[in-house]
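Thanks, everyone. Let me put the structure up, and then I'll walk you through the fold and two residues.

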Amino acid sequence: MTDKELWRRMENLATSEPSLEREMSFMLLLKQAYNKDMKLIMSCVYDPVRPGLAQQGYMEVMGKRMLVCFTSKQRAKQAKYNTTWDIAKARDLMNNMFNKDKIAGMVFNPNDEKMVIVLKDVLLPIMPGEKPKPEFYRE
């Protein structure tokens, strides 16, 4: 599966009716993206002091962060939440999430009727094992 195929499958799931099956299928796609070192579309803010370094965009929800991602480039371009986006390795994004207590999960297509929420606590049992801190990791 290519990155574009991954995004197409994620988009197809996001546009389907919400259900437990949809949420589980979405998490299994994330696991596959992680294991195969594929890429996700993320909201980000570039660091003006360190060119090329981006901080992932997030939403604050009840004192915890939800990392913002998108299921397609089109949704990223149309997002009302943040106009800056890029592509990054799923493994880096998810290892960052797994290693920080202040991050509760990921939200795909925020503020959109086709939003998908993935909670870290639900994803962890599906993805057991060590989660190394990514390069340039910061608390």
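One term before we start: contact here means heavy atoms within 4.5 Å. With that cut-off, take the contacts in the protein between residues at least 6 apart in sequence: 68% of them join residues at least 24 apart.

This is a predicted model, so confidence comes next. The mean pLDDT of the protein is 90. Of its residues, 95% reach 70 or more. Among the elements, helix H1, residues 3–14, has the highest mean pLDDT, at 97. Strand S2, residues 54–56, has the lowest, at 82.

Now the fold. There are 5 helices and 7 strands. Along the sequence, the pattern reads α-α-β-β-β-β-α-β-α-β-β-α. The radius of gyration is 14 Å, close to the 14 Å from the globule rule for 139 residues, so the protein is as compact as a globular protein of that length. Along the principal axes, the C-alpha atoms fill a box of roughly 40 × 35 × 35 Å. And how much of the protein is buried? Buried residues make up 42% of the 139.

Find it in strand S6, residues 103–108. Val 107 is buried, with a relative accessible area of 2%.

Second residue: Lys 131. This one sits in the segment after helix H5, which spans 120–123. Lys 131 is buried, yet it has no salt bridge. Where is the nearest side chain of opposite charge? That is Glu 130, 9.4 Å away. A salt bridge here needs a side-chain nitrogen within 4 Å of a carboxyl oxygen.

So what does the side chain of Lys 131 reach? The backbone oxygen of Met 127, at 2.3 Å. Its side chain also reaches the backbone oxygen of Pro 128, at 3.4 Å. Leaving aside neighbours within four places in sequence, Lys 131 is in contact with Tyr 34, Asn 95, Phe 98 and Asn 99.

To recap the pair: Val 107 is buried in this model, and Lys 131 is buried with no salt bridge. Over to you.

Terms used
Residues numbered from 1 in each chain as written. Predicted model: local features only at pLDDT ≥ 70, side-chain atom pairs only at ≥ 80, totals over all residues. Heavy atoms only, no water. Helix = DSSP H or I, 4+ residues; strand = E, 2+ residues; numbered from the N terminus. Buried < 20%, exposed > 50% of the residue type's maximum accessible area, 1.4 Å probe, protein only. Lys, Arg positive; Asp, Glu negative; His and termini not counted. Polar contact = N/O pair within 3.5 Å; in protein donor to acceptor, adjacent residues only side chain to side chain. pLDDT = per-residue confidence, 0-100. Rg over C-alpha atoms; globule rule 2.2 N^0.38 Å.
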